[in-house]
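This report looks at helix packing and at the nonpolar cores of one protein model. The sequence and the structure are shown first.

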Amino acid sequence: MSKKKKSPSKKATPSTSKASTQKDKNSNPSQELQVKNSFWVNHKMHLILVFFLSAALYANTLGHQYAVDDSIVILRNEFTKKGFKGMHGIWTEDTFTGFFGSKRNLVAGGRYRPLSLATFAIELQLFGEVVTSSDGQPALDKDGDKNYRGKPWISHFVNMLLYAWLCVVIYLMLLQMFNPKRTQNNLKGYFIALAGALLYATHPIHTEAVANIKGRDEIMVLLGSVLAVYWVLKAAVVEQNKALFYEVGAILAFIFAIFSKENAVTFLAIIPAALYFFTKKELPEILIKTVPYIVIVGIFWFGIRGPILGDAASVVSTNNAPATELMNDPFLKIENNRYVSYTNEERLATVLYTWGKYIKLLIYPDPLTNDYYPKHIRTNMDVIPTFSMPEVLLSVLLHFILGILLILGTLKRKAYAFFILFYLATFSVVSNLIFPIGTNMAERFMFLPSVGFSTLCAMGLYELVQRASNRGKSWVDALRIPTAVLGVLVVLYSIKTCTRNLAWYDDYTLFTTDIVHSPHSAKLNNAVSGVLQDKANRSNNSIERKMLIEKALGHSITATQLHPTYNNAWLLRGNANVMLGGVKKQEGANNTNPQTKRSLFEEALKYYDAGIQAYNEVLRLRPDHPDVHRNLGVVYRDRGNLLGQHLGQIDASIASIEKSLTYSNKDFESFRLLGIAYGIKGMQLQQAGRLQEATNSHYTAIKNLEKALEITPNAVPILYNLEIAYRQLNQPEKVEEYHQRWKKIDPEYDPTKQQ
């Protein structure tokens, strides 16, 4: 082995001594070897870690049920339920049509996201069960097609895998940006790629998009878009014969993205920006490479989406404006007992307020909620954000700084500027600044922008490494503090993600968990009332049932106070009152103290009257509501029964039951009760010596009982009551006829047990 030659000894000058020492330290061969063989530059280990950690974080969703908007895309979507046969509707109609049954302009611009819906249809066809009727045969829909019942764990599993794959692609994209040649001594590239991917993978703000099955459109659009960016950058550094392969792959990935969700259009800015910042290509060449994506967007937007959605596709047409409704337009306030739009200043201040909330949630993701509908975002439900609020001013300052950094960084082709652009560009379409999106904000809207945030954080951590190294520390020592910070963040984010996933188990768990954090949301209060009532209807425990209904009523009252024209909240408020009326009626029937018994019956009557008042409000707001007429029929009937059977007010009972028949004119129970009430009234009139009136009342009783018999011909209680009515009229032939009829049907029938 030859010996190294000693170089001539030179005395270092004070000005060069430190720099020379630093250079020697940074270029020490043994140190480079240490970096090369370390975990930080182990590409395969990074891929394994990112994939399995991303998947593991959402493994606890595999036992979850369907929740929230899963009804729109799976449970009650007439297209996806058909499986393969629903594909035509999925690809040729607005995304909401399969749920609502017709095109309804609920939000500006319409929705066309067929690819994610198509995956649900495929899952139902391949893994679902055919819906059957009571005889075990397939239950065909109105088109004569089979419908499928899904298995939620399959859909959650697919979401989990897609998310893990997405996080891997984010890692590859970042590695391509910061280390295009994959040199193993480029610690910067590997560190930023791994740290950025891990921060993104573990961030709790993504739980809405991943733990909720419907959020698959967010996963798919970002997966396709990031893959397109990765392959565009890859094509720029490989040999010419391989470049075409990656360019075609990028185009196909972008098509996949834009058919998953429309906000892939923002990558028309991100793709050329990636070329500008990370390949140093000249602007003319960048423009040429962007042309295919411009063409794709043009064909999709104007050649496919536009014709399918029609007028709904426009976000600016005055004919396309959604109906004035707080749940679709959060920028409304009440003046002179009617909703009017915010002033321009109020609208802009509210928008900027939410921008600040997004940044806060990215930095400190707690508390999280599925619902940011009016009036959640206000510090008080009656206070609209203004430019005098510190939160709004801070948001303005933060975004002004981001804007300045973006401009300065772009001029110098600094990588940080690209990720600021990534954040702002992907956020722009859901920011409420360009066009309204139907709600104030939502955590899923950060699913794309958080790529920029996570990478900026990773770059910040690497800057700590670089500065420590510049101060003379070895790479191992320089990595200690940034690695510790990264580790703490990843652990805390992971814990929060796993615990937050638990809330997404089903609607009941999610809504009752999140109402604590969104007490001023009209929509969530309404939703909580609904799930509490559903649970009460399934409960066999009278104490639990009463408690659930009382809570449900409280939330529905809050919802109507927050949003006075919320017809669905008024409907649930009516339902809760009627249910509590039934509870009080049952308590009265079970009570032995006459005074307490009557008091409970009078309480029940008040709840019934409150229910009627709520239902009438629904009728005022929406006369064609499909449920309210039936509900009014039921409550007037039950109210009449209470008045007659328990409070002895026969005339009021008859009036209430007759009112019920104006809403439901073929209700067996109403005719039965009305027949009994008129029979009792006839006997009272007989006792009072008003014989003609008594006779008329008995004939009216017979008329109503016969109508009940038309609906249910062999109803023994009706036949028995007809026997009684004819006995009061002294018609023995009819008495014997009806007596023999009910005896023949049910010889064991005991009239004394009749309710």
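The expected span of a helix is taken as 1.5 Å times one less than its number of residues. In this predicted model, helix α7 (residues 114-127) has 14 residues and should therefore span 20 Å, which agrees with the 20 Å between its end C-alpha atoms.

Because 10 of the 14 residues of α7 are buried, this helix is largely enclosed by the rest of the structure. The buried residues include P114, L115, F120 and L124, and also E123. They pack against α4 (70-75), α5 (87-92), β2 (148-149), α8, α11 (216-235) and α12 (240-260).

Helix α8 (residues 152-178) also meets helix α3 (residues 43-57), the two axes coming within 8 Å and crossing at roughly 145°, and the crossing of α3 past α8 is right-handed. On the α3 side the contact is made by H43, H46, L47, V50, F51, S54 and A55, while α8 contributes residues including M160, W165, Y171 and L175. By class, this contact has 14 nonpolar and 3 polar residues, with no charged ones.

| Core | Residues | Members include |
|---|---|---|
| Largest nonpolar core | 97 residues | M177, L222, F254, F418, F447 |
| Second, separate core | 28 residues | F331, I377, V430, M446 |

Within the largest core, M177, L222, F254, F418 and F447 touch the most other members, and α8 gives the most to this core, with 16 residues. If residues up to four places away in sequence are not counted, L222 touches L166, Y200, F267, F422, F447, L448 and V451.

Technical notes. Residues numbered from 1 in each chain as written. Predicted model: local features only at pLDDT ≥ 70, side-chain atom pairs only at ≥ 80, totals over all residues. Heavy atoms only, no water. Axes fitted to C-alpha atoms, helices over the stretch in contact; angles between N-to-C directions. Helix = DSSP H or I, 4+ residues; strand = E, 2+ residues; numbered from the N terminus. Left-handed = near helix turned anticlockwise from the far one by under 90°. Contact = heavy atoms within 4.5 Å. Nonpolar A, V, L, I, M, F, W, Y, C, P; charged D, E, K, R; others polar. Core = buried A, V, L, I, M, F, W, Y, C linked by side-chain atoms within 4.5 Å. Buried < 20%, exposed > 50% of the residue type's maximum accessible area, 1.4 Å probe, protein only.
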